[in-house]
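Try each task before you read its solution.

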Amino acid sequence: MRKALLIIDMLNDFIYGSLASPTNKEIIPNVKKLLLWARKIKIPIIYICDSHYPEIDWELKIWGPHAIIGTKGAEIIDELKPEPNEYIVRKRRYSGFFQTDLGILLRELSVDTLILTGLDTSICIRHTAADAFFRGYKLIIPRDAVITFNPKDNEEALKYLNKVYGAEIKTTDEIIREG
Ligand code: ZN
């Protein structure tokens, strides 16, 4: 098994800006814990980042302006800043795979198992999980390092990911303990 850690949409706009919810920031410590663990055991770290063109991006019709290319809102939060040897994949839709180079990157890294962290359990995590499943990747999701805009829905969203895509739902500490 060759794992990669994916950190999805931990961007200023989702944590502190236009699409922030009061609870999104609660997962920062656990995502950080997994980030430091992944650096220590040297598994690939891939940031999946919303990155929209102003005005024309289809998604903005639903959500309004957010994570616009070149703005502070589209930058990864300071708490989780990437190091130079880590990968950043920019996306314009919910899925980290859709029209991005994530697929080729994972192939070149010989990865077969994805640990999904970040936002939002029922939107970008869910769609990225779907595309990962279609491509034959195994999925591990730390229940305490992902969140939805409405945290009440998190358990329901995790159940769906487990049932439909076979994602193993664990805690951050379990994942770190298992190595
Ligand atoms: Zn977006």
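Buried here means under 20% relative accessible area, and exposed means over 50%. Keep in mind that this is a predicted model.

**Exercise 1. The zinc site**

Task: Name the residues that coordinate the zinc ion, and work out why the arrangement is irregular.

Solution: 
- Step 1. The donors come from Asp-50 (OD), His-52 (NE2), Glu-59 (OE) and His-66 (NE2), at 2.0 to 2.1 Å.
- Step 2. Along the chain, their spacing reads D-x1-H-x6-E-x6-H.
- Step 3. Four donors count as tetrahedral if all angles lie between 85 and 135 degrees.
- Step 4. The angles at the zinc ion run from 95 to 151 degrees, and therefore the arrangement is irregular.

**Exercise 2. The nonpolar cores**

Task: Which residues touch the most other members of the largest nonpolar core?

Solution: 
- Step 1. That core has 29 residues, and Ile-7, Met-10 and Leu-80 touch the most other members.
- Step 2. β1, α1, α2 (28-41), β2 and β4 each supply at least two residues of this core, while α2 gives the most, with six.
- Step 3. Leaving aside residues up to four places away in sequence, its contacts include Val-31, Leu-35, Ile-48, Leu-80 and Thr-117.
- Step 4. Another core, of 28 residues, lies apart from the largest one; among its members are Ala-4, Leu-106, Ile-123 and Tyr-165.

**Exercise 3. Around α5**

Task: Follow the chain into α5 (124-134), and find what covers its buried residues.

Solution: 
- Step 1. Begin in the loop between β4 (113-119) and α5, where Asp-120 sits. A cis peptide bond joins Leu-119 and Asp-120, with omega about -20 degrees.
- Step 2. Within α5, the buried residues include Cys-124, Ile-125, Thr-128 and Ala-132.
- Step 3. Their cover includes β1, β3 (87-91), β4, β5 (138-142), β6 (146-147) and α6 (154-165).
- Step 4. After α5 comes Gly-136, with a positive phi near 90 degrees.

**Exercise 4. Rings and a charge**

Task: Which residues do ring pairs link into a cluster?

Solution: 
- Step 1. The structure has five aromatic pairs.
- Step 2. Phe-133, Phe-134, Tyr-160 and Tyr-165 are linked into a cluster by ring pairs.
- Step 3. Now look at Tyr-160: Arg-126 lies over its face, 3.7 Å from the ring centre.

**Exercise 5. Apart in sequence**

Task: Find how many Å separate the C-alpha atoms of Pro-22 and Asn-150.

Solution: 
- Step 1. Pro-22 is in the loop between α1 and α2, and its relative accessible area of 69% makes it exposed.
- Step 2. The two C-alpha atoms are separated by 9.5 Å, although Pro-22 and Asn-150 are 128 residues apart along the chain.

Definitions and conventions. Residues are numbered from 1 along each chain as its sequence is written. This is a predicted model: local features need pLDDT of at least 70, side-chain atom pairs count only at pLDDT 80 or more; totals for chains, interfaces and linings use all residues. Side-chain values use heavy atoms; hydrogens and water are left out. Donors are N, O and S atoms within 2.8 Å of the metal (3.2 Å for Na, K and Ca); water is not among the atoms, so sites may look incomplete. Four donors count as tetrahedral if all angles lie between 85 and 135 degrees; four count as square planar and six as octahedral if opposite donors are over 155 degrees apart and all others between 65 and 115; anything else is irregular. Rings of Phe, Tyr and Trp (its six-membered ring) pair if their centres lie within 6.5 Å; planes under 30 degrees apart count as stacked, over 60 as edge-to-face and the rest as tilted. A charge sits over a ring if NZ of Lys or CZ of Arg is within 6 Å of the ring centre and within 35 degrees of the ring normal. Helices (H or I, at least four residues) and strands (E, at least two) are DSSP runs, numbered from the N terminus. A nonpolar core is a set of buried Ala, Val, Leu, Ile, Met, Phe, Trp, Tyr and Cys residues joined through side-chain atoms within 4.5 Å. Buried means under 20% relative accessible area, exposed over 50%, partly exposed in between (1.4 Å probe, protein chains only). Contact means heavy atoms within 4.5 Å.
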